[in-house]
Amino acid sequence: MEANQPHIIYLIERCKKSDKNAQLQLYKAYYKAMYNTAIRILKDSFEAEDVMQEAFLTAFTKLDSYKGEVAFGAWLKRIVINKSINQFRKNNRYEMAKMEIVPENEIEEELFETNKFHPKTILNAIQNLKENYRIILTLHLIEGFDYEEIQQILNYTNENVRTTILRAKKKLKQVLFAEMVYRL
């Protein structure tokens, strides 16, 4: 999507002048990716659609704050993720698990060989994890956020982000291996 950046920059400039056609073109260029991001967090198509619409409205009204330091799609995705998590919390479905603080020297990430599994199998396994594991793995593995960014988005401490990601990956590995054994 961002390979077409000069066109996107031109559309953004037109959107700043309240050009409805430019807004529609930007929407069409990004709505699928933004919807997919919202649905992975919310797990509800109607809520994901609402959040995505709100995110676009927010983006169009705050285009003056877009400085072009990151790709427009990344800036928009951040808005979608923040709105999705806020909606998720508003629904009172978000339960933060109490985390024990694990010293950093005790945290060792094991190599996880995902090439043994079909990507849809991994995505389905992530979607079936408990909520805090599903959200943190979606942000980390699918959306590509680093620990600091996740810490800011979820208001977790650095230790809790590391611990939760480690535990979520461990649980994901258990689920995937159980599925692999089941298929045998």
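Buried means under 20% relative accessible area, exposed means over 50%, and partly exposed lies in between, using a 1.4 Å probe and protein chains only. At 40% relative accessibility, E54 therefore counts as partly exposed. This is a predicted model, in which local features need pLDDT of at least 70, side-chain atom pairs count only at pLDDT 80 or more, and totals for chains, interfaces and linings use all residues. Residues are numbered from 1 along each chain as its sequence is written, and side-chain values use heavy atoms, with hydrogens and water left out.

**The whole protein**

- The protein has 8 helices and 0 strands. Both are DSSP runs numbered from the N terminus: helices are H or I with at least four residues, strands are E with at least two.
- Along the sequence, the pattern reads α-α-α-α-α-α-α-α.
- The protein has 184 residues, and 40% of them count as buried.
- Its accessible surface is about 11,200 Å², and carbon and sulfur atoms hold 50% of that. Such areas come from the Shrake-Rupley method with a 1.4 Å probe; for residues, only the protein chains shown count as cover.
- Take the contacts between residues at least 6 apart in sequence: 69% of them join residues at least 24 apart. Contact means heavy atoms within 4.5 Å.

**Helix α3 against helix α4**

- Two packed helices are described by the angle between their axes and the distance between the axes.
- Helix α3 covers residues 45-61 and helix α4 covers residues 72-90. Their axes come within 9 Å and cross at roughly 130°. Axes are lines fitted to C-alpha atoms, for helices over the stretch in contact, and angles run from 0 to 180 degrees between N-to-C directions.
- α3 and α4 are therefore oblique to each other. Angles under 35 degrees count as roughly parallel, over 145 as roughly antiparallel, 65 to 115 as roughly perpendicular, and the rest as oblique.
- The crossing of α3 past α4 is right-handed.
- From α3, the contact uses E47, V51, E54, A55, F56, T58 and A59. From α4, it uses W75, L76, I79, V80, K83, S84 and Q87.
- These residues divide into 8 nonpolar, 3 polar and 3 charged. Ala, Val, Leu, Ile, Met, Phe, Trp, Tyr, Cys and Pro count as nonpolar, Asp, Glu, Lys and Arg as charged, and the others, Gly among them, as polar.

- A59 sits in helix α3. At 1% relative accessibility, A59 counts as buried.
- Leaving out residues up to four places away in sequence, A59 touches W75, L76 and I79.
- A59 and F72 are 13 residues apart along the chain, and their C-alpha atoms are 9.9 Å apart.
- E54 is also found in helix α3. Its C-alpha atom is 7.9 Å from that of K83, 29 residues away along the chain.
- Q87 belongs to helix α4. Its relative accessibility is 17%, so Q87 counts as buried.
- Apart from neighbours within four places in sequence, Q87 contacts L42, E47 and V51.

**Helix α4 against helix α7**

- Helix α7 covers residues 147-154, and its axis comes within 10 Å of the α4 axis. The two cross at roughly 45°.
- That angle makes α4 oblique to α7.
- α4 passes α7 in a right-handed crossing.
- In α4, the residues R78, I81, N82, I85 and R89 meet E149, Q152, I153 and L154 of α7.
- This contact divides into 4 nonpolar, 2 polar and 3 charged residues.

Methods: Left-handed = near helix turned anticlockwise from the far one by under 90°.
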